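Visitor: I would like to learn how to read ring pairs and strand faces in a model. Where do we start?

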Amino acid sequence: MTVSAGRRTPRADCTAGPDGGITFDLDLGRREDEAAPELLLRLRGAKGRGREENTVRLSLSPLRDGRLRAVLPQAVELAEGRWDVHLREPGADDDGAVAVEPGIRDLRLLVDRAPGSGRIAVRIPYPTLDGRLAVRCWLRTPHAEAGPVTFDGSGMTVEGTLYGTGLGTDARVEARQPGPDGRVLRVPVTGEEATFAFTLPLDRLAAGAVTAQQLWTLWLILGTADGEPAGGVRISRILDDVWDRKKIFVYPGRGTGEGSRATPCYSTDNDLCVRIEPAP
């Protein structure tokens with residue numbers, strides 16, 4: 001969809017707040033007597049009847065400098081995923097909305113944030129690979145935030161912070177190999193109610209011959225007062241301004257002694273994983 005003749009390509013400056021709120025400021029070069037358009041946030045992949053349910057509409061109001069502002073409040077709940085930002089002109093239908101380009105993105109308040117109790121909502125405006133504006137959203141309760149990753153021999157030690165609950169009794173970490181026949185490696189967890197740490201023996205993940213790449217996911221399994229497991233929490237890192245850690249946080253690999261190599265990594269959803277592959 002192209003912009004109508006005489007109209008500027010819509011571009012939005014964004015300011016993200018630590019509570020999940022975002023302001024969008026646009027300079028569209030409009031006259032004061034023109035009707036204001038609206039912003040549409042669309043959950044990527046939503047189709048058919050679910051498309052309207054996964055569309056958030058934000059009204060644009062004029063500022064003193066001639067720009068227009070829309071505010072996404074923290075109270076408006078967005079499902080986990082990637083939300084594309086569009087501009088809909090007055091009188092146009094939703095299919096006529098045009099993609100918005102990213103301008104200046106002020107994400108300073110997202111760095112080193114310490115969320116309160118309850119559900120954690122993280123929203124990061126970011127530029128897509130094709131130059132459009134989108135918002136990456138997470139909703140977690142509880143949440144296990146990964147911290148430093150260090151190595152000692154064949155062991156990988158991870159420290160982290162737990163939000164929204166406590167470790168309980170007999171908490172543990174599970175490394176899970178995806179698939180119906182995937183293996184599970186369990187290791188103990190140490191720490192207090194708000195912190196946790198564990199050491200994963202990388203050589204035990206690579207038992208036997210490794211002929212193709214494997215991606216193991218990491219889960220914190222909480223305990224309860226009576227020792228029964230309470231459920232799994234995905235170990236991720238989302239409490240800052242990085243919307244995609246996969247190519248930014250790169251860790252060294254370690255040989256496992258089984259003709260394979262183990263490398264900690266993050267997924268495109270910022271989930272902490274371990275990649276096992278044949279040694280070069």
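Guide: Rings of Phe, Tyr and Trp (its six-membered ring) pair if their centres lie within 6.5 Å; planes under 30 degrees apart count as stacked, over 60 as edge-to-face and the rest as tilted. Keep in mind that this is a predicted model.

Visitor: How many aromatic pairs does the count come to by this rule?

Guide: The count is 3 aromatic pairs. A pair of aromatic rings is described by the distance of the centres and the angle of the planes. Take Phe249 and Tyr266: the ring centres are 5.9 Å apart and the planes stand at 85°, so this pair is edge-to-face. Phe249 is in the loop between β18 (231-236) and β19 (254-255), while Tyr266 belongs to strand β20 (residues 260-266); the pair links distant parts of the chain, 17 residues apart.

Visitor: Is Tyr266 buried or exposed, and what does Phe249 count as?

Guide: Tyr266 counts as buried, at 1% relative accessibility. Phe249 has 24% relative accessibility and therefore counts as partly exposed. Tyr266 also forms an aromatic pair with Tyr251, with 6.5 Å centre to centre and 40° between the planes, which is tilted. This pair too links distant parts of the chain, with Tyr251 in the loop between β18 and β19 and Tyr266 in β20, 15 residues apart. Tyr251 is buried, its relative accessible area being 16%.

Visitor: Which residues do the ring pairs link into a cluster?

Guide: The cluster consists of Phe249, Tyr251 and Tyr266.

Visitor: Which charged end sits over the ring of Phe249?

Guide: That of Arg245, 4.2 Å from the ring centre. Elsewhere, Arg254 lies over the face of Phe151, at 4.3 Å from the centre of that ring.

Visitor: Now the strands. Which residues form the covered face of strand β1?

Guide: In a regular strand the side chains alternate between the two faces of the sheet. For β1 (residues 11-16), the covered face holds Ala12, Cys14 and Ala16, and the uncovered one holds Arg11, Asp13 and Thr15.

Visitor: In what sense does β1 pair with β9, and in what sense with β2?

Guide: With strand β9 (residues 101-106) the pairing is parallel, over 4 bridges. With strand β2 (residues 22-26) the pairing is antiparallel, over 5 bridges.

Visitor: How many residues lie between β1 and β2 in the hairpin?

Guide: There are 5 residues between these strands, and Gly20 in the turn has a positive phi of about 105°.

Definitions and conventions
Residues are numbered from 1 along each chain as its sequence is written. This is a predicted model: local features need pLDDT of at least 70, side-chain atom pairs count only at pLDDT 80 or more; totals for chains, interfaces and linings use all residues. Side-chain values use heavy atoms; hydrogens and water are left out. Buried means under 20% relative accessible area, exposed over 50%, partly exposed in between (1.4 Å probe, protein chains only). Helices (H or I, at least four residues) and strands (E, at least two) are DSSP runs, numbered from the N terminus. Two strands pair if DSSP finds at least two bridges between them. A charge sits over a ring if NZ of Lys or CZ of Arg is within 6 Å of the ring centre and within 35 degrees of the ring normal.
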